[in-house]
Amino acid sequence: MSTVRCVELCRTFKQGDLEVVGLDHVSIEIEQGEFVCLVAPSGGGKTTLLNAIGGLDRPDAGEIWIGDKRIDNLSKGDLAEMRLNNIGFVFQAYNLIPVLTARENVEFVMHVQGVSAEERRRKSEAVLAEVGLEGLEDRRPAKMSGGQQQRVAVARAIVSEPTMVLADEPTANLDSHTAEQLIDLFMSLNKKHKTTFIIATHDQRVVAYARRIVKMLDGQVVEDISQQPA
Amino acid sequence: MNIALHLAWRNLWRHPRRTWLTIGAMVFSNIILVFMLSLQFGMYAMMIDNTLAVFTGHMQVQVPGYKDDMKMRQSIPDAAALGATLRESLAIDTIAVRASTFALASSEERSFGIQIIGVQPEQESGVSTLPGLLREGSYLADPNASEVVIGSVLARNMRVSVGDELTLLGNGRDGSFAAAVVNVVGIIDSGMPDLDRSIAQMPLAVFQDVFFMGNHANEIVIKTADLSLVAETKQKVEGLLPANADLVVHDWDALQPGLKQAIQADLASAWFMYGVLIILVAFSVLNTMLMSVLERTREFGIVMALGLKPGRLGRLIMLETTLMGGMGLALGVLFGGGLVLVLGVNGFSYPGMEEMAEQFNMPSRIYPHLQLIPLLLGPGIVFISSLLASIWPAARLHLLQPVQAMRAA
């Protein structure tokens with residue numbers, strides 16, 4: 001079953017008097033359980049495509065389907081519901097809630113989903129252990145390193161078992177060792193849970209691990225290749 | 001603890017100084033409101049009690065129409081007996097019967113039109129403070145003696161003093177000519193010139209004799225132990241009136257409509273001032289919550305990206321305001337109530353108050369009353385105003401787009 005299908009997506013932005021093309025008739029299909037890297041130079045359209053797939057931004061034209069559901073015409077509330085139950089996000093700047101501890105950040109999504117306190121506790125402890133943060137559950141983000149914060153963000157993204165994880169430059173702020181650990185974590189989650197990973201990056205370390213690479217330039221898909229990961 | 005409550009509470013203390021300043025503004029205004037409203041309510045109760053204690057009483061039994069057109073013909077038959085029945089049935093001693101008419105009073109030198117009132121001397125001091133406000137002489141003692149006590153201004157105008165005689169000329173209840181000579185036994189100084197200019201009291205039995213009233217009188221005055229008992233007592237009195245008698249019971253509100261209007265006018269002008277205070281506090285809350293929302297735009301973008309709907313985000317802002325307003329309300333009520341409690345026990349006065357109070361036979365200190373309504377009304381309105389002020393910052397979140405919000409600095 002096709003997890004994500006984008007058909008002729010177009011998106012332009014206004015920057016002063018200029019009109020910048022974010023997506024230019026992009027069509028792409030990503031199967032369930034794929035590990036895909038969107039690779040493009042800055043301004044190439046990878047984040048715009050990621051935001052459109054994640055329902056964070058609406059295309060000017062075209063269609064986005066997740067499974068058999070078209071999402072580009074959903075209301076704001078329905079999009080939020082769709083994100084809550086189907087998508088995990090990992091951002092470049094971690095984007096944790098600063099006043100909550102690691103555990104509370106991880107539990108946040110489940111809380112919104114209405115998961116019971118007991119279940120939240122059990123799942124958050126398990127997932128924090130899985131990302132290697134055992135013993136750091138009660139720390140707030142400010143007391144954690146960049147790598148640890150990104151692990152919390154990953155734990156938050158996967159704890160409610162979404163069908164896909166969208167990651168936007170997840171390694172941009174990490175040193176190479178931590179970045180490699182994060183990629184290993186992504187790979188293992190992808191294998192273990194069959195979670196679809198779509199990663200927008202221009203980090204060659206990440207690209208080397210991907211089985212599929214979608215190259216973009218000026219809002220267009222210019223190359224879509226499969227490779228044997230490193 | 002619920003994570004929304006957790007989040008709201010911690011968000012409040014991201015900027016403790018700003019939060020405390022806003023809560024401080026709420027507490028300050030709440031203390032002022034609790035104190036001022038308690039003081040006002042206390043003063044109104046004192047004002048009502050003192051005004052009614054002079055003469056009117058808390059309620060009166062009358063013939064319908066007498067209140068608006070005080071003709072002596074509109075009288076209650078066998079009034080003294082009815083008064084006695086009410087005293088016994090209600091187990092209240094402070095019930096007195098009165099009759100009243102207008103007459104021409106003449107001394108050796110001058111004549112004046114006055115209101116002459118027939119009172120039961122042994123009962124009158126229970127419903128009126130006038131018997132205790134004698135400047136000279138003594139109050140009516142013998143219920144059958146042709147004696148009179150008069151106001152101090154009237155005595156001065158008529159150039160009479162204790163021991164002098166007054167001649168009364170007027171109409172009897174049956175329309176016939178009524179006349180009597182009475183001895184002045186006391187001079188009343190109530191401190192109210194209008195009252196002291198026109199009042200004269202004589203024993204009811206003598207009044208009924210002089211003005212051909214038979215056993216009729218015009219009003220049965222009832223004073224309850226407390227203002228709060230008026231409604232209940234009025235209901236009981238209505239139930240005790242003879243079924244075939246055409247009588248009505250008027251409470252103080254109907255007998256002294258000006259008193260309630262004066263209180264309402266005073267309260268209205270005070271609420272204007274309180275309104276300004278509440279609006280200032282509401283703007284302070286609006287400012288705090290708006291700043292709080294603006295500086296967390298990026299964070300709101302993140303949680304929206306995670307799947308939180310704008311409505312729930314709005315509720316989070318409202319919850320933060322509720323917590324802040326709740327603290328302001330609790331501390332304001334605590335400190336304001338404490339202040340009222342202390343002053344309620346010890347009372348307070350201001351320069352010149354004692355002299356004025358003595359002149360009007362009033363208490364020399366003001367005692368604010370700690371009551372539920374003044375204690376919670378002002379702080380409750382501040383709390384609701386704060387919530388209303390946070391609606392706009394909360395509503396703005398509906399306009400937020402996750403992508404744009406996450407790009408915010």
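Does A:N51 count as buried or exposed? At 11% relative accessibility, A:N51 counts as buried, a label given here to anything under 20% relative accessible area, with exposed meaning over 50% and partly exposed falling in between (1.4 Å probe, protein chains only). The model looked at here is a predicted one, where local features need pLDDT of at least 70, side-chain atom pairs count only at pLDDT 80 or more, and totals for chains, interfaces and linings use all residues. Residues are numbered from 1 along each chain as its sequence is written, chains are lettered from A and ligands numbered from 1 in the order in which they are written, and side-chain values use heavy atoms, with hydrogens and water left out.

Back to A:N51, which sits in helix α1 (residues 46-53) of chain A. Helices (H or I, at least four residues) and strands (E, at least two) are DSSP runs, numbered from the N terminus. Setting aside residues up to four places away in sequence, A:N51 touches A:L56, A:D57 and B:V403, where contact means heavy atoms within 4.5 Å. Along with A:N51, the buried set holds A:K46, A:T48, A:L49, A:L50, A:A52 and A:I53. Just past the end of α1(A) comes A:G55, with a positive phi of about 70°.

Buried in α4(A) are A:R120, A:K123, A:S124, A:V127 and A:L128. These residues cover an arc of only 125° around the axis, which puts them on the same side of α4(A), the arc being that of the directions from the helix axis to the C-beta atoms. An α-helix has 3.6 residues a turn, so residues three or four places apart point the same way. On the other side of α4(A), A:E118 and A:R122 are exposed. The cover over the buried residues of α4(A) includes α3 (102-113) and α5 (146-158) of chain A. After α4(A) comes A:G132, again with a positive phi, this one near 80°.

Chain B has a mostly covered helix of its own: in α1 (residues 3-12), seven of the ten residues are buried. They are B:I3, B:H6, B:L7, B:A8, B:R10, B:N11 and B:L12. Covering them are, among others, α3 of chain A together with α2, α11 (297-305) and α12 (310-346) of chain B.

Then there is a helix pair in chain B. Two packed helices are described by the angle between their axes and the distance between the axes. For helix α2 (residues 16-56) and helix α10 (residues 257-295) of chain B, the axes come within 10 Å and cross at roughly 170°. That makes α2(B) roughly antiparallel to α10(B). Axes here are lines fitted to C-alpha atoms, for helices over the stretch in contact, and angles run from 0 to 180 degrees between N-to-C directions; under 35 degrees counts as roughly parallel, over 145 as roughly antiparallel, 65 to 115 as roughly perpendicular and the rest as oblique. The contact of α2(B) with α10(B) has 21 nonpolar, seven polar and three charged residues. In that tally Ala, Val, Leu, Ile, Met, Phe, Trp, Tyr, Cys and Pro count as nonpolar, Asp, Glu, Lys and Arg as charged, and the others, Gly among them, as polar.

A:E169 is not a glycine, although its phi is positive, at about 45°. A:E169 sits in the loop between β7 (164-168) and α6 (176-193) of chain A and is buried, with a relative accessible area of 10%. In chain B, B:R159 also has a positive phi without being a glycine, near 55°, and lies in the loop between α5 (152-158) and β6 (165-171). B:F102, in strand β2 (residues 95-106) of chain B, is exposed, with a relative accessible area of 52%. Beyond its neighbours within four places in sequence, B:F102 is in contact with B:I114 and B:Q115.
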